[in-house]
Amino acid sequence: RAEEGPRVIRDVFAPPPPDVAGAEERFVALEREVLRLPESERLGLANDPLLFVTSPHARIFLEQREEEGECDAAEAARRLASYWESRRALFGHEASCALGTAATPVSVDFQRYYYERTVAILEDPDTDETARRHAGKMIISIHKALVWELDRSLEDIEEKWREELHPQEDDNSEAASEQTRTGTAIVMAMNSPRELKLQFVRAENVVEHSAKRMVRYWETGLRLFGPSFEKRRSVTLQDLEDCSALFDLNILRLMPSADDFGRSVLVIGLRSEEDGNLRLTEDTPTLPGFNENQFAKLTWYMFHAAMERHPCQRNGLVVLRDMRKIGRNFAAFTAHRKAAGQIVDCVPVRIRVFHCLFGNRNLVWRTVLQGLSSLFFLALKRRFVMHVRSMEETVEELRVTYGIKADNLPVCLGGTVEYEYSVRWLEQRRRAGG
């Protein structure tokens with residue numbers, strides 16, 4: 001889809017270029033000033049909710065002021081309102097914004113611009129109470145429409161499931177269990193609270209896809225944690241006793257704080273000599289024989305721990321994977337990769353980017369990996385960024401380009417977060433029953 005490219009770029013490189021960021025700020029300021037005008041002065045604007053999205057007029061008035069050496073949002077708002085009021089008086093209310101006045105909006109216009117800009121106005125401390133009230137009402141209306149559309153999509157999924165439902169001779173067969181699990185998952189999705197439904201909508205670009213993700217989520221939970229998950233709907237460490245040894249290895253670590261753009265940071269990798277008090281040799285088994293389901297349970301739990309942080313629900317997750325020692329544990333790496341794929345594909349949070357850290361490989365490896373990295377947009381479309389250089393250079397790149405500082409990286413990756421932080425974090429959650 002045409003709009004997916006810019007979204008991926010924004011997910012991977014969270015800060016927009018300065019000129020884009022400046023334009024967005026000016027648009028938010030203009031819309032805020034328009035909302036501050038008396039209602040009688042903005043009647044001509046009332047019929048065009050996407051005025052600041054697909055209509056070229058707002059941009060023209062802003063650029064006009066910039067060419068004159070200033071950017072007065074209040075003056076631009078008054079001129080814009082006067083222009084649209086003149087159109088309304090001349091052509092009539094409906095004809096003033098007839099089809100063709102502006103470009104036909106696509107889904108990204110609603111999602112990225114209209115919705116996100118309305119949220120920005122709502123959260124802007126400079127927004128006055130009238131504008132804040134107006135933005136709040138719009139957000140409520142948008143959320144109501146999104147949940148309604150999601151519910152219709154879930155009903156379609158249920159109808160299709162019933163049409164494809166086939167009686168099984170053996171009620172204990174795998175096919176029968178799968179049918180039952182899917183049916184239960186659909187019901188769980190339909191009965192989910194409104195806020196959870198909105199989280200799934202945020203995780204996808206299309207509401208229909210959000211509905212499918214939601215059903216996959218509950219199906220995965222039922223498969224991993226059994227029928228009792230239908231009532232519990234959440235998992236604690238006490239429910240994961242079969243994975244306690246895997247948790248103790250801390251191969252998934254949630255960093256202490258969000259990155260510069262409000263995204264939680266999850267690091268995947270084996271404990272290494274850099275973490276201290278550990279000496280690895282070629283004969284040292286670094287991972288016991290855990291199965292794919294145990295890796296999936298670990299990943300499920302850690303993703304949900306990250307989502308407990310409210311900014312993560314909106315801004316998403318960044319995942320860093322230490323690829324420097326996978327050769328000695330390739331079977332475990334493969335099992336965890338498959339398990340993680342299942343969870344990434346269903347949780348109600350957007351995974352913004354995967355950073356794969358290979359370190360300073362030998363010449364052959366470096367040539368191969370750099371060749372793969374040169375297929376930039378192919379890798380980027382899947383939100384994978386490969387780092388094939390020294391750890392010092394990688395740490396600097398993560399800080400400058402991706403907003404991930406050293407104080408939010410483990411020691412083994414050149415950061416300052418000690419291994420003991422993760423040990424304490426896990427113990428505290430065990431004691432708290434989390």
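**Exercise 1. Determine whether Ala432 is buried or exposed, and state where Ala432 lies.**

Solution. Begin with the accessible area: Ala432 has a relative accessible area of 66%, and since exposed means over 50%, buried under 20% and partly exposed in between (1.4 Å probe, protein chains only), Ala432 is exposed. Next, the place of Ala432 is in helix 18, residues 419–432, where helices (H or I, at least four residues) and strands (E, at least two) are DSSP runs, numbered from the N terminus. Finally, Ala432 and Leu237 are 195 residues apart in sequence, while their C-alpha atoms are 9.8 Å apart in space.

The model is predicted, so that local features need pLDDT of at least 70 and side-chain atom pairs count only at pLDDT 80 or more, whereas totals for chains, interfaces and linings use all residues. Residues are numbered from 1 along each chain as its sequence is written, and side-chain values use heavy atoms, with hydrogens and water left out.

**Exercise 2. Find where Arg233 and Asn250 lie, and classify each by its accessibility.**

Solution. Take Arg233 first: its phi is near 60°, a positive value in a residue other than glycine, and Arg233 lies in the loop between helix 10 (229–232) and helix 11 (244–248). With a relative accessibility of 28%, Arg233 counts as partly exposed. Then take Asn250, whose phi is near 55°, again a positive value in a residue other than glycine; Asn250 lies in the loop between helix 11 and strand 1 (252–254). The relative accessible area of Asn250 is 6%, and Asn250 is therefore buried.

**Exercise 3. Which residues is Ser422 in contact with, leaving aside its neighbours within four places in sequence?**

Solution. Contact means heavy atoms within 4.5 Å, and, leaving aside neighbours within four places in sequence, Ser422 is in contact with Asn250 and Arg253.

**Exercise 4. Describe the open sheet by its strand order and its pairing.**

Solution. Two strands pair if DSSP finds at least two bridges between them. The open sheet has 5 strands in the order 1-2-3-4-5, with mixed pairing. Its edge strands are strand 1 and strand 5 (384–387), each of which pairs on one side only. Neighbouring strands of this sheet are turned by 20° against each other on average, direction ignored.

Now go through individual pairs. Strand 1 and strand 2 pair in the antiparallel sense over 3 bridges, and here Arg253 stands opposite Val267 in strand 2. Strand 2 and strand 3 (residues 317–322) pair in the parallel sense over 5 bridges, with Ser264 opposite Leu317 in strand 3. Strand 4 (residues 351–357) and strand 5 likewise pair in the parallel sense, over 4 bridges, and His355 stands opposite Val385 in strand 5.

**Exercise 5. At what angle do helix 6 and helix 8 pack, and which residues meet?**

Solution. Helix 6 (residues 129–163) and helix 8 (residues 194–203) pack at an angle of about 85°, with their axes 10 Å apart. Axes are lines fitted to C-alpha atoms, for helices over the stretch in contact, and angles run from 0 to 180 degrees between N-to-C directions. Since 65 to 115 degrees counts as roughly perpendicular (under 35 as roughly parallel, over 145 as roughly antiparallel, the rest as oblique), helix 6 and helix 8 are roughly perpendicular to each other. His143, Leu146, Val147, Leu150 and Asp151 in helix 6 meet Arg194, Lys197, Leu198 and Val201 in helix 8.
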